[in-house]
Amino acid sequence: MQGFDWDDLKVLIALSRHGSFAASGLALGQDETTVARRIRRLEHRLAASLVQRGPSGRQSLTELGLRIASRALAMETETRKIAELVGQNADMLVGSVRVTAVPVLVDHVLVPASKPFLRDHPGLTLDLIPESRNMSLTRREADLALRLGQPKTGGTATRTQRIGWLEFGVYRRARSAAATTSDWILYQPEHAHLEQAVWMQPLADTQGASNLRVSDLNTAIEAVAQGIGQSLLPILAADPDPRLCRVDNPDGQPLPRRPIWLLSHADQAHLHAIQHVKAWLSALSWTVDPPRHS
């Protein structure tokens with residue numbers, strides 16, 4: 001067995017996270033051909049098969065590939081520890097932390113709040129990943145995750161804490177807020193189980209539904225801002241938008257709210273960069289003010 005390059009192991013880690021040469025290349029900023037070449041080089045140097053193709057053509061790691069990727073993940077954590085030690089010697093917080101959350105939280109909460117935090121920690125890189133699917137902390141697709149529901153997987157490897165609530169209000173386009181009725185913008189059938197969708201359905205049945213349906217909260221915000229109809233939107237994202245106006249609850253029923261859970265990997269709990277980002281996320285204000293009227 002020949003010696004191997006740590007950069008090739010990083011490609012193997014990416015493949016274990018993303019499941020294909022193409023997706024791994026996007027994550028690494030490399031083309032698919034380069035990823036495939038690096039994997040072949042690693043296999044040659046280890047004299048072992050690390051990647052196999054399934055019936056659909058999708059790449060996956062062999063059993064040995066998975067075991068090596070697991071060890072490589074531990075090496076990745078150790079390199080982050082070394083970087084932190086260097087930073088501590090220079091009295092700086094250094095490193096990079098990947099945070100994933102649904103797009104509405106990334107775009108309307110985390111991005112605006114990140115400027116003062118990053119100004120205080122110039123040696124820290126914060127990777128914000130807007131993703132509706134639940135990215136895997138176990139495969140280290142992300143270091144921290146904000147989810148709108150208590151996780152059902154992860155076991156003892158994942159630490160969870162509830163840091164707030166995503167509260168909802170009824171919104172219309174600001175210039176049409178005085179209208180007595182407005183069609184409800186609902187969700188596509190595969191998302192009809194969401195709390196906000198369930199709450200709106202009875203009102204849409206009696207008051208009317210828009211012929212536009214959405215799949216996520218960011219699209220719902222834009223649809224309301226364009227005057228297509230009214231909808232239930234997260235207050236933290238919608239209240240600051242001057243195009244929108246929060247109006248009174250039309251039927252007096254309690255408005256839904258969704259818990260915000262912060263997930264982290266137990267093996268990374270000691271990393272100072274992750275500790276600081278967790279503290280920052282936990283300290284963000286998740287409170288809301290009474291409705292404003294125009």
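This is a predicted model: local features need pLDDT of at least 70, side-chain atom pairs count only at pLDDT 80 or more; totals for chains, interfaces and linings use all residues.

Me: OK. At what angle do helix α1 and helix α2 pack?

Reply: About 120°, with the axes 8 Å apart. Helix α1 covers residues 6-18 and helix α2 covers residues 21-28.

Me: Which residues make the contact?

Reply: From α1, V11, A14, L15 and H18. From α2, F21, A23, S24, A27 and L28. By class, that contact has seven nonpolar residues, two polar and no charged.

Me: Now α1 and helix α3. How far apart are their axes?

Reply: The axes of α1 and α3 are 9 Å apart, and the packing angle is about 115°. Helix α3 spans residues 32-46. That angle makes α1 roughly perpendicular to α3. The crossing of α1 and α3 is left-handed.

Me: Which side chains meet there?

Reply: On the α1 side, D7, D8, L9, V11, L12 and L15. On the α3 side, V35, R38, I39, R41, L42 and R45.

Me: How many charged residues are in the contact of α1 with α3?

Reply: Five charged, alongside seven nonpolar and no polar.

Me: Switching to strands. How do β3 and β4 run?

Reply: Parallel, joined by seven bridges. Strand β3 is residues 95-101 and strand β4 is residues 124-130.

Me: Which helix makes a unit with β3 and β4?

Reply: Helix α5, residues 103-120. Together, β3, α5 and β4 make a right-handed β-α-β unit.

Me: And where does α5 pack against α9?

Reply: L110, A113, S114 and F117 in α5 meet H276, V277, W280 and L281 in α9. The contact of α5 with α9 has six nonpolar residues, two polar and no charged.

Me: What's the geometry of α5 and α9?

Reply: Their axes come within 11 Å and cross at roughly 125°. That makes α5 oblique to α9. The crossing is right-handed. Helix α9 is residues 272-283.

Me: Last one. How many bridges join β7 to β8?

Reply: Three, and the strands run parallel. Strand β7 is residues 184-187, and strand β8 is residues 209-214. The bridge partner of Y187 in β8 is V214.

Me: Which helix does the chain cross through from β7 to β8?

Reply: Helix α6, residues 195-207. The β-α-β crossover from β7 through α6 to β8 is right-handed.

Notes: Residues are numbered from 1 along each chain as its sequence is written. Side-chain values use heavy atoms; hydrogens and water are left out. Two strands pair if DSSP finds at least two bridges between them. Helices (H or I, at least four residues) and strands (E, at least two) are DSSP runs, numbered from the N terminus. A crossover is right-handed if, with the strands pointing away from the viewer, the path from the first strand over the helix to the second runs clockwise. Axes are lines fitted to C-alpha atoms, for helices over the stretch in contact, and angles run from 0 to 180 degrees between N-to-C directions. Angles under 35 degrees count as roughly parallel, over 145 as roughly antiparallel, 65 to 115 as roughly perpendicular and the rest as oblique. A crossing is left-handed if the near helix is turned anticlockwise from the far one by less than a right angle, and right-handed if clockwise. Contact means heavy atoms within 4.5 Å. Ala, Val, Leu, Ile, Met, Phe, Trp, Tyr, Cys and Pro count as nonpolar, Asp, Glu, Lys and Arg as charged, and the others, Gly among them, as polar.
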